[in-house]
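Good morning, and thank you for coming.

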Amino acid sequence: MTLPTTSPHRTLPSFEEAEGLGDQDTAFVRDLVAVLEKHGNLDRFGLCLLHDHFPIADDEVLVETHDIAARTLRVQVEKAATTDHTRPSQWRFVRTGPDGTGAESRVCQVILQCTPVSGCPGSAGAAS
């Protein structure tokens, strides 16, 4: 199952423009850690800096592959309809209205996919 990885309603800043975590984010991060702990997900999810390096078309997805022996990670664009990389590994939140509805019917949107064969978390070849 391939999930959409782009949103026509939200654009991301370039990497150079994206602002990383700073001292002003301390209260936010503490609150987020508390929520993750409450739901038993502190060792399951973390944060990433959302940004764009280049445009991704509506029919494309970002996919990650690993070379475990070389200890490298590669991210590339593939056509969504033909990729074998179907395990989501990164998401971004989708804005919803006050009643939980919005332009999209889910709260998260996949932004990066991989396949267990490539060494993604959960595969037989992945390092623990």
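What you see is a predicted model. The protein contains one helix and four strands, and along the sequence these follow the pattern α-β-β-β-β.

Let me turn to packing and surface. Of the 128 residues in the protein, 23% are buried. Among contacts with a separation of 6 or more, 56% join residues 24 or more positions apart. The protein exposes about 9,300 Å², and 55% of that area is supplied by carbon and sulfur atoms.

Rolling a probe the size of a water molecule over the atoms shows where empty space is left. The largest pocket holds about 1,200 Å³ of space. It is lined by 34 residues, of which Gly46, Leu47, Cys48, Trp91 and Phe93 are the closest to its centre.

Which elements supply this lining? Helix H1 (26–38), S1, strand S3 (87–93) and strand S4 (108–114) each provide at least two residues. The largest share comes from S3, with seven residues.

Finally, I would draw your attention to Arg71. This residue sits in the loop between strand S1 (60–67) and strand S2 (72–79). Although Arg71 is not a glycine, its phi is positive, at about 55°. Is Arg71 buried or exposed? Its relative accessibility is 78%, and the cut-off for exposed is over 50%; Arg71 therefore counts as exposed.

Methods:
Residues numbered from 1 in each chain as written. Predicted model: local features only at pLDDT ≥ 70, side-chain atom pairs only at ≥ 80, totals over all residues. Heavy atoms only, no water. Buried < 20%, exposed > 50% of the residue type's maximum accessible area, 1.4 Å probe, protein only. Contact = heavy atoms within 4.5 Å. Areas by Shrake-Rupley, 256 points an atom, 1.4 Å probe, with all protein chains shown as cover. 1 Å grid on protein atoms, 1.4 Å probe; cavity = no way out; pocket = protein on both sides within 12 Å on 5 of 7 lines; lining within 4 Å. Points joined across faces, edges and corners; volume = space filled by probe spheres on them.
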